[in-house]
Amino acid sequence: MSLTDPEVVDCSIIPVFQVSNGGDASILSVNDEEMVVSEAKRKKKKKKKQDSAPRPACSWVYFSREFIKEYSASHPESSGLKAATKAASDAWKLMSIEEKEKYTRHAREVWDDYLSTAPARIPKPRKQTKLVTRCSPGRLFNVIQRLTSEQKAAVKSMGFGSLLGLRCRTLRRSLCLWLLERFNTARCSLEICGERIPLSPRDVEHVMGLAACGKDVVNSGPDDLIADLRHSYNATNRGISVRLLEERLAAPEAGEDFKRSFILYALGTLLSPTARLDVSPSFLHFLINMDVVHQYNWGKFLLDRLVREVSRFRQGKQHAVGGCLLFLQLFYYESISIGGAGSSAPIVVPCLSSWGEEEITEREKRERELGGYGCGEVQCIHMHHTCKFYELIKCPALQVIIKEGCLVMESVEYGVQVEDLSGGKISSGVEHNPIFEQEGTEVLLG
């Protein structure tokens, strides 16, 4: 029998010999080393918890503490904390908003004190070499190709007719990542080519064709108002399944259910995707009454959500980047001019319909030839006069084109062409066109 026999020697406690500089040998077992390391980690974690102030509780916590204390005193026969918490939960659900106001106000006051005294959090620098996003124009593009004429008419009636002209199927992720690094969320601007370019809802209207005026889109409210809709869409805490929406949109009907499903799908895949794969059920709050959908300021909503999602990503709260990254991509193409890349081509409003895969591939090729992104010149693409007229007529079937300094408008539905030939005046010369009241109507752009 020898010391090397595995049946005799327990290899897990073989001492490790370390020779110091002075030549003395010190013996530490492997188990002792592991205990030292784990103890150091535990102390470091404990110190980190002591240094950071605890986050304030929500209104429900303050209510439950008060309720459980009274419940335990009045129900000594209770089985313990579990029963008291269940009773508190049931009581909270039955309370009105006015009854909850006391605890909501207290929680808000504690939170304000916490924000005023807590040290500012320094976000960890994030190195992103690969863009992760749920913005997928290709999914919406495929759904649009399968819509019937009645369904397309329903989409136009809601003010989303510009999406029917979507031609781009893939994001240029390298460009989007480059733009995100230069996106100032505090000022809502892009800092590129040595200039700061502010972004506004009017730019969303110019690029995406969504209205930049109207009522604010509010995606919050009492949950009981959308309880039936949540049940209809099998909404969970994670959200509404994108695949379920695709199945609903495959049906030929074009009624209210189709309209709601289309907007949910468009928001979840292109206009306002979150970091999750599913669509946020909070969107149901502004889709209760489908008759007022066309009255909302979708341009402001899209831009606000983009700023919010990019801010959350930079703070490390989510792994994927949400928001409409296609808007940033197309805005860059329209705002930055590179030599020889469509300098004489007409400008189409909205720009969404003028950028297909071929045009984007050619543009990316020119960018690489010039040395990469940001090598062009900033040009003024804020079409104030165009947008004013575009908003005035409110016709989703009207295409606005700027060509050689001349404002050209073509009506897809009526086959009309209107040109600005003198001093900003536009004559239609169209009969029986509901856009204009009579033949020879003139609109002065101011």
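The buried residues of helix α7 are L175, C176, L177, W178, L179 and L180, where buried means under 20% relative accessible area, with exposed over 50% and partly exposed in between (1.4 Å probe, protein chains only). The model is predicted, so local features need pLDDT of at least 70 and side-chain atom pairs count only at pLDDT 80 or more, whereas totals for chains, interfaces and linings use all residues. Residues are numbered from 1 along each chain as its sequence is written, and side-chain values use heavy atoms, with hydrogens and water left out.

**Overall composition**

- The protein has 15 helices and 13 strands, which are DSSP runs numbered from the N terminus (helices H or I, at least four residues; strands E, at least two).
- Buried residues make up 40% of the 446 residues in the protein.
- Among contacts (heavy atoms within 4.5 Å) between residues at least 6 apart in sequence, 67% join residues at least 24 apart.

**Helix α7 and its packing**

- Because 6 of the 8 residues of α7 (residues 173-180) are buried, this helix is largely enclosed by the rest of the structure.
- The buried residues of α7 pack against β3 (183-184), β4 (189-192), α12 (298-314), α13 (325-335) and α14 (357-369).

**The pairing of α7 with α13**

- Two packed helices are described by the angle between their axes and the distance between the axes.
- For α7 and α13 the angle is about 90° and the axes are 10 Å apart, the axes being lines fitted to C-alpha atoms, for helices over the stretch in contact, with angles running from 0 to 180 degrees between N-to-C directions.
- The two helices α7 and α13 are therefore roughly perpendicular to each other, a class that covers 65 to 115 degrees, while angles under 35 count as roughly parallel, over 145 as roughly antiparallel and the rest as oblique.
- On the α7 side L175, C176, W178, L179 and L180 meet L325, L328, Q329, Y332 and Y333 of α13.
- α13 is itself mostly covered, with 11 of its 11 residues buried.

**Two further sites**

- E309 lies in helix α12 and, at 1% relative accessibility, counts as buried.
- Leaving aside residues up to four places away in sequence, E309 touches P273, T274, A275, Q318, G322 and G323.
- S282 lies in the loop between α11 (256-271) and α12.
- The side chain of S282 makes a polar contact with the side chain of S280 (2.7 Å) and another with that of N219 (3.4 Å); a polar contact is a pair of N or O atoms within 3.5 Å, where, within protein, one must be able to donate a hydrogen and the other to accept it, and residues adjacent in sequence count only if both atoms are side-chain atoms.
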